[in-house]
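I opened my notebook to go through this structure step by step. Here is what I looked up, in the order I did it.

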Amino acid sequence: MSLKEPLPVAPHPAPDAPAEQPHRATAWAEARAAAVRAGTFARAGRAPLGVPLARALGQVLAEPLVALTDLPPFDTSAMDGWAVAGPGPWTVREGLDILAGQAPGAPTADGEAVRIATGARVPEGTTAVLRTEHSRTDRTAPGDAVLRALREVVAGQDIRPRGQECRSGDELLPAGTRVTPAVLGLAAAAGYDELPVPPRPRVEILVLGDELLTSGLPHEGLIRDALGPMLGPWLTALGADVLATRRIGDDAEVLYAAVAGSAADLVLTTGGTAAGPVDHVHGVLHRAGATLLVDGVKVRPGHPMLLARLGAGPARPGHVRHLVGLPGNPLAAVSGLLTLAAPLLKALSDDRPLSDDRPLSDDRPLSDDRPTSDERNEPSAPPRMPVRDEVQGHPYDTRLVPVVRRGGWAVPLRYHGPAMLRGIAAADGLAVVPPGGARPGQELDILDLPWPTADGAASVQGACFT
Ligand SMILES: Nc1nc2c(c(=O)[nH]1)N[C@H]1C(S)=C(S)[C@@H](COP(=O)(O)OP(=O)(O)OC[C@H]3O[C@@H](n4cnc5c(N)ncnc54)[C@H](O)[C@@H]3O)O[C@H]1N2
Ligand code: MOO
C-alpha cells in the first residue's frame, strides 16, 4: 500500500498563503464518517471471542444462544415425594431413595412406589410423582409398606418432562442480546462455559515528545505528560481494551518499530502530527506503507489530526489495523479523540449484524457520500442544546468548545485554548460550533463525554465562563 494520491488534504498552507485560507483538510462531519467507515471495515474481519461466563456480563451475544442440551435434560421430579407407577395403592420399594444428581434408578413397575427428591431423575415406568404431604404410608410388615394417595393422582403430575423448556438446538436468545445475570444463568443451564462476544477493540497508545515528564513539576522547558494519564482511562470508558501506553520520545526509529510491531486494532499516537523538525508521524506512516484516510480535519482545535490504515502487523494475517494521530496540544488531542478515535471504536465494536448492501471499504472516494446501511445511523446523532452565549466561530472550520449544561442551556467554558485542559476538565460535553460561530439560543450538537457528568451542578463551581 502507498500513501493515497492525491492526498485528500494539504495540511500545511504554502508559506505565502494568506492567513485563514480554507485548507483542503477533510470537513469535520466527513472525517467522522471516514472514521466510522474505517471501524466498520475493520469489524468485518473480526471473529467472536469466547469468554468465560464470569467475564461476559454486560457484553452482548455475538451469536444466538442455542441450547446445547434439552432442558430439563431428563424427566425430573418437581417435588419431594414418591415416584409411582400406575394406579395406587402402591408397594413401597424400601431403601431405594432417589436423590438429585444420582444415576437413574431401577425402573418402577406397575403398582410400585419409590421415594424421590426434587430435581432427581424420574425412573423409567413412573407415571406420576405424589407429594409427601399428599400421601400416607401404612406399614404392613417389617420392611414392607403400602403407599396411599390422599388426593386424586393425575398422570404426569409433578414430573417436569425432558425438553419442557427447550430442546437441544433451540434458539434461546438472538444475537445482540445484552448479557444480564439472568442470561448468564440461562447460558449455564443450557450447557455453556463460555459465551461468544464481540472482541473489544484493542488500542495501544504511543505518547511522543522528548519534552515530557511523567512526574514532578515542569522545569527547564520540560512539561508534564498530560495525555498519557488521560487517554488510557478515556479509551477504556469508550469500551476499548488498552494494551499499553508507551512513551516513545521523538525517535523516528522507535516510533516506526512501535507502529509496525503493534498488535492493536487501533494505534493512537499523540504529538508529532505537524511539520516540525521532530514531527515523525507522517514520515513513519509513509515508511510503514500506510494509507492515509484523513490527513487534517477542518476543526479547531486539532486540525492536524489524521487517520491511516496500517499493514496487517504481527497479530495475524489480514488483521485490519488503523492509526489515529492526535495532535500534541492536549485539547487538540481530545478533539482528535472525539472526531476520529471514538467513532472508529464505536463502529468497530458495533454488535449489529453487518449489512451486505455494498462491499465494505475504508477508503472509498470522499465524493461517494452515499452511506451504506451500516453507516446510515452512524455516528449516532448527538443530543442538541441551545447555546446560552454567542460563540465566536472559525471562518471555515468547525469548533469544538467545552460546555456545561445548565438550566437547559449549553454554557461555553473559558480555557478552551488548544493547549488547555482546564475547560474540558470542568465540562459536561463539547459543543459543535459550525463555521462562522453560533448566536445565543442557537441549537448545537453536544458531544457527550463517556462518564457521568453532573449536568452543570458540580462542574459550574469554580469553572470560568466566557
Ligand atoms: N508549521 C506548523 N506548525 C504547527 C501547525 C501547523 O499546521 N503548521 N499546527 C499547530 C497545531 S494547530 C497543533 S495542534 C500542533 C500539533 O503539533 P503536533 O501534533 O506535531 O504536536 P507536538 O508538536 O509534538 O506538540 C504540540 C504541543 O503539545 C505539547 N504536547 C505534546 N504532547 C503532550 C503531552 N503528552 N502532554 C502535554 N503536552 C503535550 C507539546 O509540548 C507542544 O507544546 O502543531 C502546531 N504547529
Ligand atoms: O490543533 Mo491546534 O491549534 O488546532 O491545537
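**Entry 1: a strand and its partners**

I began with strands β14 (residues 202–208) and β17 (residues 241–249), which pair in the parallel sense over seven bridges. I kept in mind that this is a predicted model.

Next I turned to β14 and strand β18 (residues 266–270): five bridges join them, and they run parallel. Here valine 207 has threonine 270 of β18 as its bridge partner.

**Entry 2: a mixed sheet**

I then followed an open sheet of six strands, in the order β8-β5-β7-β6-β10-β9, with mixed pairing. Its edges are β8 (128–131) and β9 (135–141); each has a single partner strand, so one side of each is left without a neighbour in the sheet. I also noted that neighbouring strands of this sheet are turned by 35° against each other on average, direction ignored.

How do β9 and β10 pair, parallel or antiparallel? I found that β9 and strand β10 (residues 144–149) are antiparallel, with six bridges. As an example to click on, threonine 137 stands opposite leucine 147 in β10.

**Entry 3: around the ligands**

For ligand 1, I found 27 residues around it, and Leu227, Gly271, Ala274, Pro327 and Gly328 come nearest. I sorted the shell around ligand 1 by class and got 14 nonpolar, 10 polar and three charged residues.

Which residues surround ligand 2? I listed Arg300, Pro301, Gly302, His303, Pro304, Pro327, Asn329, Ala332 and Pro418. This shell divides into five nonpolar, three polar and one charged. I noticed Pro327 here, and Pro327 is also among the residues that come nearest to ligand 1.

**Entry 4: domains**

Last, I looked up the domain assignment of the protein. It gives domain 1 (26–46 + 201–348), domain 2 (57–69 + 166–197), domain 3 (76–160) and domain 4 (384–460). Taken over C-alpha atoms, the centres of domain 1 and domain 3 are separated by 70 Å.

Key. Residues numbered from 1 in each chain as written. Chains lettered and ligands numbered in written order. Predicted model: local features only at pLDDT ≥ 70, side-chain atom pairs only at ≥ 80, totals over all residues. Near = placed C-beta within 6 Å. Nonpolar A, V, L, I, M, F, W, Y, C, P; charged D, E, K, R; others polar. Buried ≥ 20, exposed ≤ 12 C-beta atoms within 10 Å, placed from the backbone. Helix = DSSP H or I, 4+ residues; strand = E, 2+ residues; numbered from the N terminus. Pairing = 2+ DSSP bridges. Axes fitted to C-alpha atoms, helices over the stretch in contact; angles between N-to-C directions. Domains from an automatic or database assignment.
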